[in-house]
Amino acid sequence: MATMTFSKSTNVLSWPGFGSWSAVSGGWGDSLPSGIYTVERRKVTEYTKSIGIGFQDKTGKGYFVPLTPQFSSIRTGIGIHPDGNLPGTKGCIGIRDNPETFYRAIASTSPAANITLQAID
Amino acid sequence: MYKILGVLLLIFTACQAVTLNSQIIPTFHKYKELNSQFVKSTKDNQKEQNKEREAVETYMYDEYTKALNILKKEYCLNPNKDVLNEFISVLIATKNSAYEAPSLVLGEIYICQPNSILKNVTSLSKQNKNYIIDTLDFGFKSATYNKESKITNYTELNDKLKSLKIGKK
């Protein structure tokens, strides 16, 4: 069973024990393909102002959490980030509400943690 | 005196163009090559595909992003046709990417050099043109989001983009 779930129909990212967040995937391209992804814990960026404007929340800071599909897919550049600037993404999961709390949650885990995400229709 | 200054300015501009080309066109080629290798990688072998994925994503976030930063700074000063052709070609070749930065840069250079972008877009084949129009739409809206009033020719640029979108149907 995956650690967290993103529902494309309800636009909710759920992480039992940590919380749930309103989020979106797509709008400016196909949403992320359904399936299980590895959350690349060691590659999570800092929560910083030195990140693209589309990844920044209302405070001007942002982050990127890379995802790697555990199934065959040619999509690249998929991850989780605040849904900053223009609403919608090109396929990433953009967190709409309280994106900082998601960052705090992921930052509280061990860098070696085995975290997965399941994207469902 | 003015002739000498004119010649020096021409030489300076030419040097800038050469520098821009030599800095970023090889990066665009390399990114396309890595992406092509990844797309062709054996779908039945997850380990191999992930290795190719890591190579293309690492290059995309590092070298390609640096090239995009140079492009957005330099293209407004020196709208080089070859560089634009290569950039549009990369965007088309890497449609499989969810990375938003390239669209944003396309939107940003459209703001400063709209005519050269429009000329390039209208010269593309129908399928590629439709894709680039959508990419430009996203990029322009991202680049101007909540800043519309600060961009003096926003309405004109937006209208031109709307005309392009109507034309693609």
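This is a predicted model: local features need pLDDT of at least 70, side-chain atom pairs count only at pLDDT 80 or more; totals for chains, interfaces and linings use all residues.
Ala, Val, Leu, Ile, Met, Phe, Trp, Tyr, Cys and Pro count here as nonpolar, Asp, Glu, Lys and Arg as charged, and the others, Gly among them, as polar. By this scheme, the lining of the second largest pocket divides into seven nonpolar, six polar and seven charged residues.

The largest pocket holds about 850 Å³ of space. Two or more lining residues come from each of strand S5 (65-69) of chain A and helices H2, H4 and H6 of chain B. Of these elements, H2 of chain B gives the most, with eleven residues. The lining of the largest pocket is made up of 15 nonpolar, 14 polar and eleven charged residues.

The contact between the chains may be considered next. Chain B contributes 27 residues to the contact and chain A contributes 26. The area buried between the two chains is about 2200 Å², and carbon and sulfur atoms give 55% of this area. On the side of chain B, the residues B:Ala98, B:Glu100 and B:Tyr145 supply 25% of the area that the chain buries against chain A, more than any other three residues.

Between chain B and chain A, 13 residue pairs are in polar contact, with both residues at pLDDT 80 or more. Helix H1 (2-40), helix H2 (46-77), H4 and H6 of chain B each supply at least two residues of the side that touches chain A. H2 of chain B gives the most to that side, with nine residues. By class, the side of chain B that touches chain A has eleven nonpolar, eight polar and eight charged residues.

Side chains of opposite charge can pair when their charged atoms come close. Over all chains, the count of salt bridges comes to eleven, and one salt bridge is found across the interface of chain B and chain A. A:Lys43 and B:Glu54 meet through their side chains in a salt bridge, with an N to O distance of 3.3 Å. Within chain B, the side chains of B:Arg53 and B:Glu57 also form a salt bridge, at 3.7 Å from N to O. B:Arg53 and B:Glu57 are separated by about one helical turn, because they stand four residues apart in helix H2 of chain B.

How many cavities of 30 Å³ or more does a search of the whole structure find? The search finds one, and the largest cavity has a volume of about 70 Å³. Its lining includes A:Lys90 from chain A, together with residues of chain B, among them B:Tyr31, B:Tyr64, B:Leu91, B:Tyr99 and B:Tyr131. Helix H4 (101-112) and helix H6 (126-144) of chain B each supply at least two residues of this lining. The lining of the largest cavity has six nonpolar, four polar and one charged residues.

Technical notes. Residues are numbered from 1 along each chain as its sequence is written. Chains are lettered from A and ligands numbered from 1 in the order in which they are written. Side-chain values use heavy atoms; hydrogens and water are left out. On a 1 Å grid over the protein atoms alone, a cavity is a set of points where a 1.4 Å probe fits but cannot get out, and a pocket is an open set with protein on both sides within 12 Å along at least five of seven lines; lining residues have an atom within 4 Å of a point. Grid points are joined across faces, edges and corners, and a volume is the space filled by probe spheres set on the points. Contact means heavy atoms within 4.5 Å. Buried area is the accessible area (1.4 Å probe) that two parts lose on being put together, summed over both. A salt bridge is a side-chain nitrogen of Lys or Arg within 4 Å of a carboxyl oxygen of Asp or Glu. A polar contact is a pair of N or O atoms within 3.5 Å; within protein, one must be able to donate a hydrogen and the other to accept it, and residues adjacent in sequence count only if both atoms are side-chain atoms.
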